[in-house]
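Keep the structure in view while reading.

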Amino acid sequence: MRPLSKLEDLAAAVPREQKNPLTVSVLVDNNADGKKFVPEHGLSILLEVAGRRILFDTGGGESLGPNARRLRIDLNRLTDVVISHSHYDHTGGIPAVLELNPAIRIFAHPELFNPRYSRGEFAPHRQIGLTELSTKALRRHVANIVWTATPTPITEGVWVTGSIPRLNEFEEPGGAFFLDEKCTRPDRIDGDQAIWVQTPKGIVVILGCAHAGVVNTLERIARLTKASRFHAVIGGMHLVRADAERMQFTTDAFNRFQVEIIAPCHCTGQAACDYFHRHLGDRLVEVQAGLKLSF
Ligand SMILES: [Fe+2]
Ligand SMILES: [Fe+2]
(Lines give C-alpha, C1' and ligand atoms only; values in the text may rest on other atoms or scores of the structure.)
(Ligands and ions follow the chains in the order given, each with its own letter.)
Protein backbone atom coordinates (compact mmCIF):
# COMPACT_ATOMS: atom_id res chain seq x y z
CA MET A 1 0.00 0.00 0.00
CA ARG A 2 1.40 3.39 -0.96
CA PRO A 3 2.42 5.70 1.90
CA LEU A 4 0.42 8.92 1.90
CA SER A 5 3.51 11.10 1.46
CA LYS A 6 3.86 9.85 -2.12
CA LEU A 7 0.35 10.89 -3.11
CA GLU A 8 1.25 14.45 -3.98
CA ASP A 9 4.17 13.40 -6.21
CA LEU A 10 2.04 10.99 -8.12
CA ALA A 11 -0.86 13.38 -8.50
CA ALA A 12 1.44 16.22 -9.57
CA ALA A 13 2.44 14.21 -12.63
CA VAL A 14 -1.10 14.42 -13.99
CA PRO A 15 -1.70 17.35 -16.34
CA ARG A 16 -3.74 20.26 -14.97
CA GLU A 17 -7.11 20.08 -16.70
CA GLN A 18 -9.64 21.88 -14.54
CA LYS A 19 -9.68 24.58 -11.94
CA ASN A 20 -11.28 23.50 -8.68
CA PRO A 21 -8.69 22.40 -6.11
CA LEU A 22 -10.40 20.01 -3.72
CA THR A 23 -9.62 19.02 -0.16
CA VAL A 24 -11.22 15.85 1.14
CA SER A 25 -11.36 15.15 4.89
CA VAL A 26 -12.66 11.83 6.17
CA LEU A 27 -14.67 12.66 9.31
CA VAL A 28 -16.38 9.33 9.94
CA ASP A 29 -15.21 5.87 8.93
CA ASN A 30 -15.29 2.32 10.29
CA ASN A 31 -11.53 2.63 10.76
CA ALA A 32 -9.86 5.11 13.07
CA ASP A 33 -6.86 4.97 15.34
CA GLY A 34 -9.15 4.98 18.40
CA LYS A 35 -6.99 7.51 20.25
CA LYS A 36 -7.25 10.72 18.26
CA PHE A 37 -10.22 9.70 16.13
CA VAL A 38 -13.31 7.68 17.03
CA PRO A 39 -14.21 4.74 14.74
CA GLU A 40 -17.84 4.19 13.82
CA HIS A 41 -19.76 2.05 11.34
CA GLY A 42 -20.63 4.89 8.98
CA LEU A 43 -19.28 7.43 6.55
CA SER A 44 -18.94 11.20 6.40
CA ILE A 45 -16.55 13.13 4.18
CA LEU A 46 -16.05 16.91 3.99
CA LEU A 47 -15.31 18.37 0.57
CA GLU A 48 -13.84 21.87 0.47
CA VAL A 49 -14.00 23.14 -3.08
CA ALA A 50 -14.76 26.40 -4.93
CA GLY A 51 -15.48 28.25 -1.69
CA ARG A 52 -18.05 25.66 -0.58
CA ARG A 53 -17.89 23.33 2.39
CA ILE A 54 -19.88 20.27 1.37
CA LEU A 55 -20.54 17.46 3.83
CA PHE A 56 -21.09 14.17 2.00
CA ASP A 57 -23.08 11.95 4.40
CA THR A 58 -23.04 12.41 8.15
CA GLY A 59 -22.10 9.03 9.66
CA GLY A 60 -24.23 7.35 12.32
CA GLY A 61 -24.18 10.38 14.61
CA GLU A 62 -21.59 9.35 17.22
CA SER A 63 -18.21 10.38 15.89
CA LEU A 64 -18.88 13.27 13.52
CA GLY A 65 -18.61 15.96 16.23
CA PRO A 66 -15.54 14.64 18.10
CA ASN A 67 -13.64 13.80 14.89
CA ALA A 68 -14.40 17.19 13.33
CA ARG A 69 -13.09 18.90 16.49
CA ARG A 70 -9.90 16.84 16.28
CA LEU A 71 -9.42 18.00 12.69
CA ARG A 72 -10.28 21.59 13.72
CA ILE A 73 -13.16 21.54 11.25
CA ASP A 74 -15.95 23.93 12.16
CA LEU A 75 -19.25 22.12 11.54
CA ASN A 76 -21.12 25.45 11.97
CA ARG A 77 -19.91 26.72 8.63
CA LEU A 78 -21.14 24.08 6.18
CA THR A 79 -22.75 25.29 2.96
CA ASP A 80 -24.23 22.03 1.68
CA VAL A 81 -24.94 18.51 2.84
CA VAL A 82 -25.33 15.66 0.35
CA ILE A 83 -27.06 12.43 1.33
CA SER A 84 -25.82 9.45 -0.71
CA HIS A 85 -28.73 7.30 0.53
CA SER A 86 -30.85 7.19 3.64
CA HIS A 87 -29.24 4.30 5.56
CA TYR A 88 -28.79 5.24 9.22
CA ASP A 89 -25.00 4.99 9.06
CA HIS A 90 -24.96 7.87 6.56
CA THR A 91 -27.75 10.00 7.99
CA GLY A 92 -27.43 9.68 11.79
CA GLY A 93 -25.60 13.01 12.03
CA ILE A 94 -28.31 14.90 10.13
CA PRO A 95 -30.14 16.35 13.20
CA ALA A 96 -26.92 17.89 14.56
CA VAL A 97 -25.80 19.18 11.16
CA LEU A 98 -29.17 20.85 10.48
CA GLU A 99 -29.30 22.33 13.97
CA LEU A 100 -25.86 23.88 13.50
CA ASN A 101 -26.59 25.03 9.94
CA PRO A 102 -30.31 25.82 9.65
CA ALA A 103 -29.96 27.42 6.20
CA ILE A 104 -27.79 24.68 4.68
CA ARG A 105 -28.72 23.30 1.25
CA ILE A 106 -29.56 19.59 1.40
CA PHE A 107 -29.06 17.45 -1.71
CA ALA A 108 -31.13 14.28 -1.48
CA HIS A 109 -32.77 11.77 -3.76
CA PRO A 110 -36.60 11.68 -3.84
CA GLU A 111 -36.38 8.20 -2.25
CA LEU A 112 -35.05 9.81 0.93
CA PHE A 113 -38.05 9.06 3.15
CA ASN A 114 -38.59 5.46 1.94
CA PRO A 115 -38.70 2.95 4.80
CA ARG A 116 -35.75 0.56 4.63
CA TYR A 117 -35.18 -2.79 6.34
CA SER A 118 -32.44 -5.33 6.63
CA ARG A 119 -33.59 -8.95 7.02
CA GLY A 120 -32.24 -10.80 10.01
CA GLU A 121 -32.64 -14.46 10.84
CA PHE A 122 -35.87 -13.76 12.72
CA ALA A 123 -38.53 -11.04 12.70
CA PRO A 124 -38.74 -8.24 13.69
CA HIS A 125 -36.32 -7.23 10.99
CA ARG A 126 -34.14 -4.21 11.48
CA GLN A 127 -35.19 -0.74 10.28
CA ILE A 128 -32.02 0.69 8.75
CA GLY A 129 -33.32 3.86 7.08
CA LEU A 130 -33.63 7.31 8.62
CA THR A 131 -34.06 7.39 12.38
CA GLU A 132 -37.09 9.19 13.77
CA LEU A 133 -34.90 12.13 14.77
CA SER A 134 -33.35 12.39 11.30
CA THR A 135 -36.78 12.17 9.64
CA LYS A 136 -38.13 14.96 11.85
CA ALA A 137 -35.11 17.18 11.26
CA LEU A 138 -35.31 16.71 7.49
CA ARG A 139 -39.06 17.38 7.43
CA ARG A 140 -38.48 20.61 9.38
CA HIS A 141 -35.93 21.68 6.75
CA VAL A 142 -37.74 20.25 3.74
CA ALA A 143 -37.72 23.68 2.03
CA ASN A 144 -33.89 23.46 1.94
CA ILE A 145 -33.88 20.17 0.02
CA VAL A 146 -32.69 20.11 -3.59
CA TRP A 147 -34.11 16.86 -4.97
CA THR A 148 -31.62 14.94 -7.08
CA ALA A 149 -33.44 12.33 -9.15
CA THR A 150 -31.17 13.37 -12.02
CA PRO A 151 -27.59 14.79 -12.13
CA THR A 152 -27.52 18.07 -10.22
CA PRO A 153 -24.71 20.64 -9.85
CA ILE A 154 -23.78 21.93 -6.39
CA THR A 155 -21.47 24.48 -7.96
CA GLU A 156 -19.43 24.60 -11.14
CA GLY A 157 -17.59 21.32 -11.58
CA VAL A 158 -19.18 19.66 -8.52
CA TRP A 159 -22.11 17.36 -9.21
CA VAL A 160 -24.42 14.90 -7.50
CA THR A 161 -25.18 11.97 -9.80
CA GLY A 162 -28.85 11.37 -8.98
CA SER A 163 -30.12 7.87 -9.86
CA ILE A 164 -27.50 5.57 -11.31
CA PRO A 165 -28.72 3.12 -13.98
CA ARG A 166 -28.02 -0.52 -13.07
CA LEU A 167 -26.43 -1.58 -16.33
CA ASN A 168 -24.24 -4.28 -14.79
CA GLU A 169 -26.98 -6.24 -13.12
CA PHE A 170 -24.64 -8.54 -11.20
CA GLU A 171 -23.57 -5.56 -9.13
CA GLU A 172 -26.38 -6.31 -6.67
CA PRO A 173 -27.02 -3.86 -3.79
CA GLY A 174 -24.90 -5.89 -1.37
CA GLY A 175 -27.26 -7.07 1.36
CA ALA A 176 -30.67 -8.46 2.30
CA PHE A 177 -32.38 -5.06 1.93
CA PHE A 178 -36.16 -4.64 1.81
CA LEU A 179 -38.74 -1.86 1.56
CA ASP A 180 -41.27 -3.43 3.96
CA GLU A 181 -41.12 -4.62 7.53
CA LYS A 182 -41.94 -8.23 6.60
CA CYS A 183 -39.07 -8.19 4.12
CA THR A 184 -41.06 -9.28 1.07
CA ARG A 185 -40.26 -6.37 -1.31
CA PRO A 186 -36.54 -6.19 -2.18
CA ASP A 187 -34.92 -2.75 -1.93
CA ARG A 188 -32.42 -2.07 -4.70
CA ILE A 189 -31.70 1.29 -3.07
CA ASP A 190 -32.46 2.94 -6.38
CA GLY A 191 -31.74 6.38 -4.95
CA ASP A 192 -28.08 5.58 -4.16
CA GLN A 193 -25.93 8.40 -5.51
CA ALA A 194 -22.35 9.69 -5.60
CA ILE A 195 -20.52 13.00 -6.13
CA TRP A 196 -17.94 13.88 -8.72
CA VAL A 197 -15.62 16.88 -8.71
CA GLN A 198 -13.57 18.26 -11.62
CA THR A 199 -10.22 19.03 -9.99
CA PRO A 200 -6.93 20.23 -11.47
CA LYS A 201 -5.75 16.61 -11.30
CA GLY A 202 -8.79 15.09 -12.96
CA ILE A 203 -12.18 13.85 -11.83
CA VAL A 204 -12.51 12.73 -8.21
CA VAL A 205 -15.47 10.47 -7.40
CA ILE A 206 -16.83 10.11 -3.86
CA LEU A 207 -19.03 7.10 -3.08
CA GLY A 208 -21.38 6.55 -0.12
CA CYS A 209 -21.96 2.78 -0.03
CA ALA A 210 -22.06 2.28 -3.82
CA HIS A 211 -25.19 0.17 -3.53
CA ALA A 212 -25.68 1.04 -7.22
CA GLY A 213 -22.36 -0.71 -7.94
CA VAL A 214 -18.93 0.88 -8.25
CA VAL A 215 -18.72 0.12 -11.97
CA ASN A 216 -22.27 1.32 -12.68
CA THR A 217 -21.39 4.55 -10.86
CA LEU A 218 -18.15 5.13 -12.78
CA GLU A 219 -19.82 4.31 -16.08
CA ARG A 220 -22.63 6.74 -15.32
CA ILE A 221 -20.21 9.58 -14.53
CA ALA A 222 -18.04 8.74 -17.56
CA ARG A 223 -21.10 8.97 -19.76
CA LEU A 224 -22.22 12.28 -18.22
CA THR A 225 -18.79 13.94 -18.34
CA LYS A 226 -17.53 12.20 -21.51
CA ALA A 227 -14.43 11.36 -19.43
CA SER A 228 -12.47 8.24 -20.24
CA ARG A 229 -10.43 8.36 -17.04
CA PHE A 230 -10.77 9.29 -13.39
CA HIS A 231 -8.15 10.55 -11.00
CA ALA A 232 -9.49 9.13 -7.74
CA VAL A 233 -12.34 7.04 -6.36
CA ILE A 234 -12.94 7.33 -2.62
CA GLY A 235 -15.62 5.84 -0.38
CA GLY A 236 -17.68 2.80 0.56
CA MET A 237 -17.78 0.11 -2.13
CA HIS A 238 -19.95 -2.50 -0.41
CA LEU A 239 -18.14 -5.56 -1.74
CA VAL A 240 -18.61 -7.77 1.33
CA ARG A 241 -20.60 -10.33 -0.69
CA ALA A 242 -18.68 -9.89 -3.96
CA ASP A 243 -17.43 -13.07 -5.64
CA ALA A 244 -14.14 -13.39 -7.54
CA GLU A 245 -15.82 -12.48 -10.82
CA ARG A 246 -17.19 -9.21 -9.45
CA MET A 247 -13.86 -8.31 -7.84
CA GLN A 248 -12.10 -8.91 -11.16
CA PHE A 249 -14.75 -6.88 -13.01
CA THR A 250 -14.38 -3.99 -10.55
CA THR A 251 -10.58 -4.07 -10.77
CA ASP A 252 -10.78 -4.17 -14.59
CA ALA A 253 -12.95 -1.03 -14.47
CA PHE A 254 -10.37 0.79 -12.29
CA ASN A 255 -7.75 -0.15 -14.88
CA ARG A 256 -9.91 0.76 -17.87
CA PHE A 257 -10.61 4.19 -16.35
CA GLN A 258 -6.92 4.55 -15.39
CA VAL A 259 -7.87 5.47 -11.81
CA GLU A 260 -4.72 6.59 -10.03
CA ILE A 261 -5.95 6.72 -6.46
CA ILE A 262 -8.38 4.13 -5.15
CA ALA A 263 -9.41 4.66 -1.55
CA PRO A 264 -12.01 2.10 -0.44
CA CYS A 265 -13.42 2.45 3.06
CA HIS A 266 -16.51 2.09 5.27
CA CYS A 267 -18.52 -0.90 3.99
CA THR A 268 -16.06 -2.18 1.35
CA GLY A 269 -15.08 -5.23 3.42
CA GLN A 270 -11.67 -6.52 4.47
CA ALA A 271 -11.51 -9.33 1.89
CA ALA A 272 -12.22 -6.87 -0.92
CA CYS A 273 -9.59 -4.44 0.43
CA ASP A 274 -7.08 -7.31 0.57
CA TYR A 275 -7.93 -8.24 -3.02
CA PHE A 276 -7.38 -4.64 -4.13
CA HIS A 277 -4.12 -4.56 -2.19
CA ARG A 278 -2.91 -7.54 -4.20
CA HIS A 279 -4.15 -6.27 -7.56
CA LEU A 280 -3.88 -2.47 -7.46
CA GLY A 281 -0.55 -2.07 -5.72
CA ASP A 282 0.51 1.51 -5.10
CA ARG A 283 -2.74 2.96 -6.35
CA LEU A 284 -4.56 1.70 -3.25
CA VAL A 285 -4.76 4.20 -0.39
CA GLU A 286 -5.66 3.12 3.12
CA VAL A 287 -8.46 5.21 4.62
CA GLN A 288 -9.36 5.97 8.20
CA ALA A 289 -11.12 8.81 9.98
CA GLY A 290 -8.84 11.85 10.04
CA LEU A 291 -7.36 11.26 6.57
CA LYS A 292 -6.98 14.41 4.47
CA LEU A 293 -6.28 14.38 0.74
CA SER A 294 -5.76 17.32 -1.59
CA PHE A 295 -6.38 17.29 -5.32
FE1 LIG B 1 -23.10 2.34 4.71
FE1 LIG C 1 -25.92 1.66 2.85
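A nonpolar core is a set of buried Ala, Val, Leu, Ile, Met, Phe, Trp, Tyr and Cys residues joined through C-beta atoms within 7 Å. The model described here is predicted. In its largest nonpolar core there are 74 residues, and the members that touch the most others are Leu47, Ile195, Val205 and Ile206.

**Confidence**

The protein chain has a mean pLDDT of 93, and 94% of its residues reach 70 or more. In residues 2-17 the pLDDT is below 50, and this stretch has 15 contacts in the model beyond near neighbours in sequence.

How many of the six residues of strand E13 are buried? Six of the six residues, 202-207, are buried, so strand E13 is largely enclosed by the rest of the structure. A residue counts as buried if 20 or more other C-beta atoms lie within 10 Å of its own.

Ile206 is one of the core residues named above. Leaving aside neighbours within four places in sequence, Ile206 is in contact with Ile45, Leu47, Phe56, Ala194, Ile195, Ile234 and Gly235.

Strand E13 pairs with strand E12 (residues 195-199) and with strand E14 (residues 232-236). With E12 the direction is antiparallel, and five bridges join the two strands. The link between E12 and E13 is a hairpin of two residues. With E14 the direction is parallel, over four bridges. Between E13 and E14 comes helix H6 (residues 214-225), and E13, H6 and E14 make a right-handed β-α-β unit.

Strands of a sheet pair through backbone hydrogen bonds, either parallel or antiparallel.

| Strand pair | Direction | Bridges | Residue pair |
|---|---|---|---|
| E6 and E7 | antiparallel | two | Tyr117 and Gln127 |
| E3 and E4 | parallel | three | Ile54 and Asp80 |

**Two open sheets**

Seven strands form an open sheet with mixed pairing, in the order E8-E5-E4-E3-E2-E1-E16. At its edges are strand E8 (145-147) and strand E16 (292-294), each of which pairs on one side only. From one strand to the next, the twist averages 20°.

Another open sheet has three strands in the order E7-E6-E11, with antiparallel pairing. Strand E7 (126-127) and strand E11 (177-178) each have a single partner strand, so one side of each is left without a neighbour in the sheet. Strand E6 (residues 117-118) pairs with E7 over two bridges, and in this pairing Tyr117 stands opposite Gln127.

**Arg53**

Strand E3 (residues 52-56) contains Arg53. Is Arg53 buried or partly exposed? Arg53 has 19 C-beta neighbours inside 10 Å, so Arg53 counts as partly exposed; the cut-off for buried is 20 or more. Not counting residues up to four places away in sequence, Arg53 touches Leu46, Glu48, Arg77, Leu78 and Thr79. Lys182 is 129 residues from Arg53 along the chain, and the C-alpha atoms of Arg53 and Lys182 are separated by 40 Å.

Conventions. Residues are numbered from 1 along each chain as its sequence is written. Chains are lettered from A and ligands numbered from 1 in the order in which they are written. This is a predicted model: local features need pLDDT of at least 70, side-chain atom pairs count only at pLDDT 80 or more; totals for chains, interfaces and linings use all residues. A residue is buried if 20 or more other C-beta atoms lie within 10 Å of its own, exposed if 12 or fewer, and partly exposed in between; C-beta atoms are placed from the backbone. Two strands pair if DSSP finds at least two bridges between them. A crossover is right-handed if, with the strands pointing away from the viewer, the path from the first strand over the helix to the second runs clockwise. Two residues are in contact if their C-beta atoms, placed from the backbone, lie within 7 Å. Axes are lines fitted to C-alpha atoms, for helices over the stretch in contact, and angles run from 0 to 180 degrees between N-to-C directions. pLDDT is the predictor's confidence in each residue, from 0 to 100.
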